[in-house]
Amino acid sequence: MLFSNKDLKNLLCPLAIEQVLVMLVGMVDTVMVSSVGETAVSGVALVDMVNYLVITVLTVLTALTTGGAVILSQYLGSGQPDKAKFSAGQLMTVSTLFSSGIALVCVLGQRTILRLFFGTVEPAVMDAALTYFFVTACSFPFLGVYNAAAAQFRAMGRTNVTMYVSILMNVLNIAGDLTGMFLLRAGVLGVAVPTLISKAMAAVLLSALAFRPSLPSWECGAAKFSQHFCMESRGSPLHPAHCGPRRH
């Protein structure tokens with residue numbers, strides 16, 4: 001067996017918690033804005049439905065990051081951290097461009113998109129929805145960067161790092177929502193801006209950790225994967241391909 005049950009548990013439990021925490025950001029906004037009134041709640045709720053649809057569309061991006069994680073794992077397993085770093089850079093670039101394109105479409109066509117899905121709504125509700133949608137759409141590029149960086153840590157088997165960053169993102173979002181709603185009394189903007197800031201922080205922090213020169217992430221990941229493959233592939237045809245770096 002390549003990985004023990006303990007290894008799989010250590011890999012999957014933080015991953016599951018991270019995904020729940022990422023989805024929790026939008027739910028917290030709806031709860032926090034309920035103190036403002038029905039108009040604000042309705043506007044945020046409408047946009048959350050659109051955002052969930054956009055996130056579903058971003059499953060294409062998830063497929064890209066998953067494919068990138070597979071390639072990274074192959075390079076790490078064969079002891080080629082330099083190629084793994086190059087692939088990570090390509091993954092980050094593609095993810096950023098793809099998510100930025102979606103964000104641009106949402107920002108430029110926000111009113112059309114909302115009317116397409118919800119028809120005619122009260123002007124006050126539409127104003128609240130437009131405000132929240134504009135700010136949250138600006139966070140889509142950061143979501144793409146976050147997914148790409150998270151895929152790199154998953155490829156290295158370090159899902160606990162993404163979980164801790166997700167926890168920090170939610171703490172920052174909740175603190176920002178409380179400040180915006182009850183101290184600044186900023187209404188919809190009081191929950192929208194903290195969402196943008198928290199996602200941007202998570203994306204920047206996770207990217208910085210992934211590409212930090214002094215952090216031996218890739219070398220450690222390569223050594224870990226090589227060790228697993230070498231232990232399991234002894235005596236098999238795959239053994240030469242997975243035991244340390246290739247020699248020319």
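Trainee: Which helix does V57 lie in?

Mentor: V57 lies in helix 2. Helices here are DSSP runs of H or I with at least four residues, strands are E runs of at least two, and both are numbered from the N terminus. Keep in mind that this is a predicted model, where local features need pLDDT of at least 70, side-chain atom pairs count only at pLDDT 80 or more, and totals for chains, interfaces and linings use all residues. Residues are numbered from 1 along each chain as its sequence is written, and side-chain values use heavy atoms, with hydrogens and water left out.

Trainee: Which residues form a nonpolar patch with V57?

Mentor: L53, L116 and F117 form the patch with V57, and together the four have about 390 Å² of accessible area. Helix 2 (38-57) and helix 5 (110-118) each supply at least two of the patch residues. Patch members have over 30% relative accessible area and no salt bridge; nonpolar side chains (Val, Leu, Ile, Met, Phe, Trp, Tyr) are joined within 5 Å, like charges within 9 Å. A salt bridge is a Lys or Arg side-chain nitrogen within 4 Å of an Asp or Glu carboxyl oxygen. The areas are Shrake-Rupley values with a 1.4 Å probe, and for residues only the protein chains shown count as cover.

Trainee: How many helices and strands does the protein have?

Mentor: The protein has 11 helices and zero strands. Of its 248 residues, 44% count as buried.

Trainee: On to glycines. Why does G77 count as buried?

Mentor: G77 counts as buried because its relative accessible area is 0%. G77 sits in helix 3 (residues 59-77).

Trainee: Which helices each supply at least two residues of the largest cavity's lining?

Mentor: Helix 7 (140-155) and helix 9 (189-210) do. The lining consists of V22, L143, Y146, M169, K199 and A202.

Conventions
1 Å grid on protein atoms, 1.4 Å probe; cavity = no way out; pocket = protein on both sides within 12 Å on 5 of 7 lines; lining within 4 Å. Buried < 20%, exposed > 50% of the residue type's maximum accessible area, 1.4 Å probe, protein only.
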